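I opened this model to look up how its parts meet.

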Amino acid sequence: MADTAFSILDIVRRCNCVDDLDLLVNDEGMYRFVIDGKLVGAVSDKDAQQLQMVSDEQARPPFALDMERRLLTFSSWCDNRKKRTAAVATVLEQLRASGAWASLAKWRSELYMVYGSATDPDGVSLALERAASYNFGIRTFGVHINGITKSELGQVRMWVARRSLQKQTWPGYLDQIAAGGIGDGMGVWESVIKECNEEGGIPREIACRAKYAGVIQYFTRSDLGLQPETQFVFDLVLPDGFTPYPNDGEVDSFHLWTIEEVIDGIKQDKFKPNCAVCIVHFLVRHGYLTAENEPDYLDIVDNLYVRLPFPAPRFSIAAERRGCDQP
């Protein structure tokens, strides 16, 4: 982590760093990942070639690579969610065993959904191992919970988590009180409750007090690949006397910071990039960051709500929230 101070726009742009997918795909000779005629991701030339090589070793190759049109698609026999999911799992296991994809060293044994199907009842075209989501460049979804306290005088503080040094991604960086990807067909509120309990020891009855605060969207890129992502954001006011604690080994420690300390931590590049963006969203919503005190305000806001060119599921936050009323 750097000691040099950055602007808030610098930090936000570090996360939302892909402006034009078509330009990126064309400039780098990437393959558009298409299922049933719908664009669902983008794959590097190297990864696409490796996929095709392993695919061709199967008795029935699941992938079809169109080198002229730069398209990665499924063979005609892979025509539904179940078949695609099973075929991709086999290919990924072989890529993992060979060490061909560095991302698969961070295997999660957790499935992410690829949406866009017009025939599957849940709109899912494919489910694949989370660690491979970067390689396929699919749209992913998650929840981020801002854990805060409020004094009688109205002073707001925020709970900040330091990620475990053993975390597979961004070890030692700062994070929200709880956050995580929405996988395995889970719902938004179900994910909120799960992450609050696992990462912060926050019981269900407290987690259910969280207030839905909207979404942020960004298109980021790393050494592992592309990640267009939608995050459902929540604010959770913790009751007096409650202290979160590491519950699953993913968090090293928790710290209660003033908003000024949080802003300084962002500018010092101490936060995991998408966590920083989530907090910037909080600062905008609650009036800590405005056009009066931030010259880059409009550019910052433009980079919090990016349109993503991939299919999304239908979420009913209100319907899921009713589950919190159940024991």
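I took the domain bounds first: domain 1 covers 8–16 + 140–318 and domain 2 covers 21–136, with bounds from an automatic or database domain assignment. This is a predicted model, in which local features need pLDDT of at least 70 and side-chain atom pairs count only at pLDDT 80 or more, while totals for chains, interfaces and linings use all residues. Residues are numbered from 1 along each chain as its sequence is written, and side-chain values use heavy atoms, with hydrogens and water left out.

I then looked up the spacing: the C-alpha centres of domain 1 and domain 2 lie 29 Å apart. For contact (heavy atoms within 4.5 Å), I noted 21 residues of domain 1 against 24 residues of domain 2.

Next came buried area, the accessible area (1.4 Å probe) that two parts lose on being put together, summed over both. Domain 1 and domain 2 bury about 2,000 Å² between them, and 60% of it is on carbon and sulfur atoms. On the domain 1 side, Q168, L224 and L226 lose the most area to domain 2, together 33% of what that side buries.

I checked for salt bridges (a side-chain nitrogen of Lys or Arg within 4 Å of a carboxyl oxygen of Asp or Glu). The rule finds one across the interface of domain 1 and domain 2. I also listed a salt bridge between the side chains of E28 and R221, at 2.5 Å, N to O.
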